[in-house]
Amino acid sequence: MDYFAQQAVNALALGGTYALLALGLAVVFSILGLINFAHGELMTITGYGLVFSLAAGVPYPGALICGVALAVFCAVAMERVAFRPVRRASATTMLLTSFAVSSILHTAFQNFISARPKPVPVPEWLGGAFTLAGIQIGAIPSLSILVTVVALATLVWFFQSAQTGLAMRAASEDFAVTRLMGINANRVIAASFAISGFLAAVAGILWLFQRGSVDPMMGFVPVLKAFIAAVLGGLGSLQGAVLGGLILGATEVMLRAYLPEALLGFRDAIALALIIGLLIVFPNGLMGRPIQAR
Amino acid sequence: MLTVDQLSVHYGPVRAVKKVSLAVQAGEIVAVLGANGAGKSSILNACLGLAPRSAGSITLDGARIDKLSTEAIVRLGLTLVPEGRRVFSGLTVAQNLSLGASAIGKDRAVALGSLDWIFSLFPRLAERRAQLAGTLSGGEQQMLAIGRALMSKPRLLLLDEPSLGLAPNIVDLIFDLIIGLRKEGFTFLLVEQNAELALDTCDRAYLVMSGAVAAQGTPDLFRQNDLVGHSHFAASG
Ligand SMILES: Nc1ncnc2c1ncn2[C@@H]1O[C@H](COP(=O)(O)OP(=O)(O)OP(=O)(O)O)[C@@H](O)[C@H]1O
Ligand SMILES: [Mg+2]
């Protein structure tokens with residue numbers, strides 16, 4: 001029973017991190033129809049931002065803020081430099097552009113920083129654990145859950161009540177009419193990239209705390225997982241992205257915990273098979289709108 | 001107030017609008033009539049920068065607006081209620097209206113009492129302010145689409161087929177509103193397939209056929225020469 005409870009906490013923690021990443025992809029996709037595969041590089045950028053600010057003597061909380069700010073800045077810059085010129089191009093062109101941005105950043109990290117992992121100092125208390133109702137819970141999973149809940153609650157408020165949040169939802173439904181409201185299209189798109197950069201940064205920090213190092217390829221696997229989660233939830237649906245992330249995280253953790261030893265090597269294959277099964281039942285994703293013929 | 005001069009619109013190789021010129025004076029109600037596919041919506045959309053203009057100019061109060069972005073044009077006081085209403089269906093009535101005020105800013109809309117004004121024009125929207133726009137009836141959605149456009153108190157409103165698919169009593173309500181608002185100083189350019197209704201309401205009309213202006217003049221002129229009959233309009237639209 002204790003073992004299950006511990007695994008449930010881990011499932012929520014990993015699922016929450018996937019949810020934040022998938023949400024970052026979904027926010028941009030819902031407005032631009034772009035799947036930004038360079039999203040993972042924003043996590044990596046957060047990591048380097050943290051490492052270099054710490055090396056420059058910035059205190060830890062300040063360094064975290066620097067890492068997040070750098071990711072938000074780079075996300076907005078990415079849109080301005082790479083995606084805006086191809087905004088009216090086909091979805092395929094935009095997708096290829098995001099691959100290009102991603103590999104340019106990889107190469108830059110490898111050549112200008114280092115191809116090898118750079119250690120990220122993690123605060124000591126994060127290595128600990130505490131006991132709640134007789135169950136030992138690690139500090140990192142607890143922090144992940146807490147941060148995810150706060151980030152999601154803030155976003156719910158933002159999309160329900162803030163004028164910019166409403167404008168973003170409107171733009172995801174009907175971009176032309178949103179502009180007819182006198183809302184600046186560029187600003188809405190920039191805001192969606194800023195939010196996705198912020199979410200990538202938060203997820204990136206949680207990811208770094210687990211791994212303890214940052215390397216050029218760090219963002220690759222998580223963004224792939226986030227993409228799977230977003231598709232599972234229904235591409236473009238924000239609630240769906242969160243749900244997809246939680247389901248994917250929970251599936252992975254539970255398979256790792258309960259699969260017999262001989263099958264552990266097939267963990268990812270089994271997880272993906274389960275998700276394909278779900279997609280056969282829900283072809284538009286769990287909360288996706290039916291895709292209209294265009 | 002609004003002058004469209006020699007406007008052409010191309011969709012790829014297809015020329016939907018051919019050298020159309022029309023003008024709207026302040027305080028007028030002007031109608032654009034024509035059959036399906038004549039190019040009426042393309043003309044209105046081009047005025048707001050939403051259709052690809054390939055030639056010609058569009059001026060508002062003497063200043064060129066044809067190179068401005070849609071949002072910049074709307075901030076000058078010219079807006080469009082698009083064909084098919086296109087309310088934000090996942091947002092509530094109140095949220096739709098609140099976005100409608102974006103052109104002038106929320107504070108200014110509050111200062112002008114925009115929301116109370118819309119609710120007084122359309123009491124049914126007030127009752128349904130917390131309802132999702134996608135669950136409104138067609139007539140209520142048209143009220144919301146017009147109300148949303150009025151939130152920024154535009155001086156000139158372009159309406160694309162406001163009567164489309166609505167029950168007669170709702171159509172009457174909307175056209176009475178247009179006439180009432182004109183008395184308060186608003187100006188209208190409206191596209192209608194229901195020619196009788198449009199001619200009863202407007203000061204002047206243009207007939208568009210295959211992307212070009214085929215006739216223009218007062219409603220009396222249109223009726224005397226049976227211009228509308230010639231272009232295969234039924235009186236019922
Ligand atoms: N986005 C577009 N891409 C390609 N062709 C278009 C587009 N929009 C309109 N057209 C074409 O331009 C022509 C004029 O269309 P438009 O919508 O302006 O006509 P309309 O007079 O408003 O018709 P309706 O009364 O049916 O609304 C049509 O032949 C239409 O097929
Ligand atoms: Mg039309």
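Conventions come first, then two exercises.

This is a predicted model, in which local features need pLDDT of at least 70, side-chain atom pairs count only at pLDDT 80 or more, and totals for chains, interfaces and linings use all residues. Residues are numbered from 1 along each chain as its sequence is written, chains are lettered from A and ligands numbered from 1 in the order in which they are written, and side-chain values use heavy atoms, with hydrogens and water left out.

**Exercise 1.** Determine the strand order of the open sheet in chain B and its edge strands.

*Solution.* 
1. The order of the 4 strands is β2-β1-β4-β5 (chain B), paired antiparallel; strands are DSSP runs (E, at least two residues) and helices are runs of H or I, at least four residues, and pairing requires at least two bridges found by DSSP.
2. Strands β2 (14-24) and β5 (63-64) of chain B each pair on one side only and are thus the edges.
3. Between β1 (residues 2-11) and β2 of chain B there are 7 bridges.

**Exercise 2.** Describe the contact between chain B and chain A.

*Solution.* 
1. Chain B contributes 24 residues and chain A 18 residues, contact meaning heavy atoms within 4.5 Å.
2. About 1900 Å² is buried between the chains, 56% of it on carbon and sulfur atoms; buried area is the accessible area (1.4 Å probe) lost on being put together, summed over both parts.
3. Salt bridges between the chains number 2, each a side-chain nitrogen of Lys or Arg within 4 Å of a carboxyl oxygen of Asp or Glu.
4. B:Arg86 forms a salt bridge with A:Asp174, with the closest N and O atoms 2.8 Å apart.

Methods. Buried area is the accessible area (1.4 Å probe) that two parts lose on being put together, summed over both.
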